[in-house]
Amino acid sequence: MEANKRCIKCILSDKFPKIKFDEHGVCNFCNNELIYSTDAEQINKSVSEITKLFDDFRGKSDYDAIVCYSGGKDSTYTLKLAVEKYNLKVLSFTLDNGFISPVAFENINRVTNKLGIDHITYKPSYDFMKGLYRMSSLESLYNPSSLTRISANCNSCISIVNITALKYALEKEVPFILAGFTLGQIPANTIYYKNNYKFFEESRRPVIEKMKNKLGKNVSTYLEISDSLLSKSPNYPYNINLLCVEDITENEIIEQILPLGWKKPKDVDGCSTNCKLNAFNNFVHFKRYGYSPYELELSHLIRKKLLSREEAIEKLYDQPQDQINNAMLELKVDPAHILPFN
Amino acid sequence: MSTTVITKTEIQNELMEFLCRQFLVETEDIDITKSLVDTGIIDSMGLIEIASYISKKYEFKVEEQHMNRDNFGSVIKIVDFIYRVKTS
């Protein structure tokens, strides 16, 4: 993850798309020359809209919200906010991608017990997941412009999370899907939106077709929604990222979730609190694009004064080689086959 | 009271500025006649970002029935959509 040059204020490196540095070594992101909408305006608007949406729909279905729950710190805090701050009846859902830390699973059990909520774990075939990760690592599945905030492997995994959550929401007529993304991981103007599957399907089709060519028809099981389910459910749910409207540091989040029985796993990298594959995902992204997929998110937190630059650098460089090696062995990926994107 | 008349050229210039800043691309990367998704400028989340930009900038809500390829299939189609709504 070593870079030739990084911004002296944040941690964006000289390989990040469209980066420029002024004479003092400050990047054009810190100088506010890029990214159109300011967070503050968008957050204020989102807070009132989200509150109104919850008030309009609370109590009208068996569940008010499906919460995508990875067992990591951010989704644990999102779950706590949903139940305790917003008073929603939630169904939490975990996608078992085959690489979740055992401690994260223990966290899921302890936290859902403590909050007294219903929970589903969905585990796609391990062979399918390994094939998907291998493909995402070695082929140009996504356009590089969609990978500035996320690695290709995380993108593939989160696509299954999103589709599965949407299926549950449609089947059970649940009006909201909540996820634990933070600003920096997603842009401020996507804090909440109506999940219009048909509209998005068109844009996802080229990627889905590439996957089907390589991985077969199982892709449809995990990444598409049948017309019969869509026609049965006239209303699409809203996707909402509650954490984006909270001004809270990582340490404060951990303080809040410790009483729920949450513990920090030791078998993950500095940027994850649940997934043993993350160090490998970051390694692949760095080899292909020359920068870490966490640079934008961590830099955003620095600018918001929610993280120091030193803490961010420590997280970025905490990428244990044994975790990378284990993943390569398990996925049968030869690092010599991970080629720089051109 | 004065009435401001917006032109398609103004809408297109503003939209192109937004796209370049938000999606980290250059003007010459964008073919205004082709789908931003098909040409790799944006993914499905990008469509949400554009819809949100339109709502905020032009002060009208992009309804679910507006979310289709006829309105979002290229820069030209997005400009036409905004112009149509603003001048109707």
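Predicted model: local features only at pLDDT ≥ 70, side-chain atom pairs only at ≥ 80, totals over all residues.
Where does α6(A) bend? The bend, of about 55°, is at A:Arg204, and a proline, A:Pro206, follows within four residues. After the helix comes A:Gly216, which has a positive phi near 90°.

Part of α6(A) is buried. The buried residues of this helix are A:Tyr197, A:Phe199, A:Phe200, A:Ser203, A:Val207 and A:Met211. An α-helix has 3.6 residues a turn, so residues three or four places apart point the same way. Which elements cover the buried residues of α6(A)? The cover includes four helices of chain A, namely α4 (126–138), α5, α7 (218–223) and α8 (227–232).

Chain B itself is built from 4 helices and 0 strands, in the order α-α-α-α along the sequence. Its radius of gyration is 13 Å, close to the 12 Å that the globule rule gives for 88 residues, so chain B is as compact as a globular protein of that length. Along the principal axes, the C-alpha atoms of chain B fill a box of roughly 45 × 25 × 20 Å. Of its 88 residues, 28% count as buried. Among the contacts in chain B between residues at least 6 apart in sequence, 51% join residues at least 24 apart.

The next topic is the nonpolar core. In soluble globular proteins, nonpolar side chains tend to be buried together. Here the largest nonpolar core has 116 residues. Those with the most contacts inside this core are A:Ala65, A:Ile66, A:Val67, A:Ala82, A:Ile177 and A:Leu178. Helix α5 of chain A (residues 152–172) supplies the largest share of the core, 9 residues. What is A:Ala65 in contact with, leaving aside its neighbours within four places in sequence? The contacts of A:Ala65 are A:Ala82, A:Leu88, A:Val90, A:Val174, A:Phe176, A:Ile177 and A:Leu178.

A:Lys332 is not a glycine, yet its phi is positive, about 55°. This lysine is found in the segment after α13 (321–331) of chain A. Is A:Lys332 buried or exposed? A:Lys332 counts as exposed because 9 other C-beta atoms lie within 10 Å, and the limit for exposed is 12 or fewer.

In chain B, B:Leu24 also is not a glycine and has a positive phi of about 55°. B:Leu24 lies in the loop between α1 (8–23) and α2 (44–58) of chain B. With 19 other C-beta atoms within 10 Å, B:Leu24 is partly exposed, because a buried residue needs 20 or more.

Notes:
Residues numbered from 1 in each chain as written. Chains lettered and ligands numbered in written order. Core = buried A, V, L, I, M, F, W, Y, C linked by C-beta atoms within 7 Å. Helix = DSSP H or I, 4+ residues; strand = E, 2+ residues; numbered from the N terminus. Contact = placed C-beta atoms within 7 Å. Bend = angle between axes of the 7 residues up to and from the residue. Rg over C-alpha atoms; globule rule 2.2 N^0.38 Å.
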